[in-house]
Amino acid sequence: MLTMSSHSHPLDQLDPLAAYRDQFYLPPGKFYFDGNSLGLLCRSAEQAVLETLQDWKTLAIEGWTAGPADWFHLTERISAQLGRIVQAPAETITLTGSTTLHLHQVLATLYRRNDSRPAILIDSSAFPTDRYAVASFLRNQGLDPADHLREVATDDAGLLQENDIQAGFTQGVQLAILPSVVFTTGQLLDLAKVTASAAERDVRLCWDCSHSVGAVPLNLSELQPDAAIWCTYKYLNGGPGSVAALYLHPRWHELPPGLAGWFGADKSRQFRMEPELVPAAGAGRLQLGTPHVLSLAALRGALEVIEAAGVDRLREKSLRLTGYLRDLFRERLAEAGFVCATPEADERRGGHLSIRHPQARSLSLALRARGFVPDFREPDLLRIAPSPLYSRFADCDHLVDAMVQILAESPDLSGLSETLVT
Ligand SMILES: Cc1ncc(COP(=O)(O)O)c(C=O)c1O
């Protein structure tokens, strides 16, 4: 068993973001590499939740309107924070529910029922919820997903090729939902190329940015996709099940919301309780019901840290961490059957490193037993996300040391399968 005190690593000593580690609650006795699934709690998120509890305690219903609490406009305030992070005006962003809910909203709002091209494009490695949402949406339109849900296949290396996506745009497709960073391999797509190509073909495009916001700098104002959706509990550290975000390009701000609710109303008249919805001016029209105030509080606090650190600096360190880890795997574990599934080039890599190994499941369990928290995805993928906010280069050393030890103790991992995979 490794000790938890890190050896000092020269790259950590030079790290301009090193001080941020103290702002996070690291699970005791663990080396955490799973921030691409659930980011850790930071002090400012905790503080924001405590303040909100206090407001609830002392202000009760007045919290919706009183002073700094002003829960009625909380979503819009957080949209402005997120807008600074993804470089888009506040009014192009809204928050509510989950990413899945936003997927349904985008489909319901942007799908053109009378278009001669009824199909929707996803990729074969799409996150299951994207596929389920599209399939159910098509069924609700009376269309068979077997005919109208199109998929861009990955290549032999498991990667998506932009040319294949472009070819997919031509086959009776009017709308596409694609990942900016693929959740399995960590591949970062050429967003500008794909977005431009969709626009040329009049295909409406929604990026699922769940694995890029907070990890990869985005400039949505420049990119100009029709829509983007993302969760906030991964790289943004908003907390378990934190409220998801949606970006809607201004060219669609006049469209009626596909799914409508009273918090999508023009705020100045929401309490007139009119029978007909008068939608808010921007993406806010796609908000649905009462904001999730406690969850939004955590997100507000967590985003302060992201803004203070700056996404460019986070990206710079993240690339160095994942590059360092990949090189360690290569140097120390080349013989052990690991294949790096994440593209080599920096501009092709998101925030995590994916390693294929036939015994990835057993390995992941063996690592967890030693205090390391990676992430496993069926059938053979270990995903490792060193966070630029709280992971150290020394942690990467420790992880690879542990792998080497595990393999030295059980080279074929067969013993591990029996004892750990139950
Ligand atoms: C690419 C992607 N889309 C969507 C989701 C999940 O969506 P939701 O926030 O609705 O659970 C995830 C969760 O990991 C994801 O990785």
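## Aromatic pairs

The structure holds 13 aromatic pairs. One of them brings together Trp64 and Trp71, whose ring centres are 5.6 Å apart; with the planes at 90 degrees, the pair is edge-to-face. Keep in mind while you look around that this is a predicted model.

What is the geometry of the rings of Trp262 and Phe263? Their centres are 5.0 Å apart and their planes stand at 80 degrees, so this pair, too, is edge-to-face. Trp262 has a relative accessibility of 36% and therefore counts as partly exposed. Phe263, by contrast, is buried, with a relative accessible area of 3%.

## A cluster, and charges over rings

These residues belong to a wider arrangement. Ring pairs tie Trp64, Trp71, Phe72, Trp262, Phe263 and Phe271 together into a cluster.

Another example of a charge over a ring involves Arg43, which lies over the face of Tyr25 at 4.7 Å from the ring centre.

## Where helices H10 and H11 cross

A pair of packed helices is described by the angle between the axes and the distance between them. For helix H10 (residues 293-309) and helix H11 (residues 311-333), the axes come within 6 Å and cross at roughly 80 degrees. Angles of 65 to 115 degrees count as roughly perpendicular, so H10 and H11 are roughly perpendicular to each other.

Which residues make this contact? From H10 come Ile306, Ala308 and Ala309, and from H11 come Val311, Arg313 and Leu314. Sorted by class, the contact of H10 with H11 has five nonpolar residues, one charged residue and no polar ones. Arg counts as charged, so Arg313 is the charged residue in that list.

## Backbone details in the loops

Most residues other than glycine have a negative phi, and most peptide bonds are trans. Against that background, a few places deserve a look. Glu378 and Pro379 are joined by a cis peptide bond, with omega at about -5 degrees. Pro379 is found in the loop between strand E12 (375-377) and strand E13 (381-384).

Gln87 is not a glycine, yet its phi is positive, at about 55 degrees. Gln87 lies in the loop between helix H3 (74-86) and strand E2 (93-95). Asn237 likewise has a positive phi, near 60 degrees, and is found in the loop between strand E7 (227-230) and strand E8 (245-248). Are these two residues buried or exposed, or partly exposed? Gln87 is partly exposed, with a relative accessible area of 42%, while Asn237 has 5% relative accessibility and so counts as buried.

## Helix H12 and the glycine that follows

Helix H12 covers residues 360-369, and its buried residues are Ala360, Ser362, Leu363, Ser364, Ala366 and Leu367. In an α-helix there are 3.6 residues a turn, so residues three or four places apart point the same way. After H12 comes Gly371, which has a positive phi near 95 degrees.

Notes: Residues are numbered from 1 along each chain as its sequence is written. This is a predicted model: local features need pLDDT of at least 70, side-chain atom pairs count only at pLDDT 80 or more; totals for chains, interfaces and linings use all residues. Side-chain values use heavy atoms; hydrogens and water are left out. Rings of Phe, Tyr and Trp (its six-membered ring) pair if their centres lie within 6.5 Å; planes under 30 degrees apart count as stacked, over 60 as edge-to-face and the rest as tilted. Buried means under 20% relative accessible area, exposed over 50%, partly exposed in between (1.4 Å probe, protein chains only). A charge sits over a ring if NZ of Lys or CZ of Arg is within 6 Å of the ring centre and within 35 degrees of the ring normal. Axes are lines fitted to C-alpha atoms, for helices over the stretch in contact, and angles run from 0 to 180 degrees between N-to-C directions. Helices (H or I, at least four residues) and strands (E, at least two) are DSSP runs, numbered from the N terminus. Angles under 35 degrees count as roughly parallel, over 145 as roughly antiparallel, 65 to 115 as roughly perpendicular and the rest as oblique. Contact means heavy atoms within 4.5 Å.
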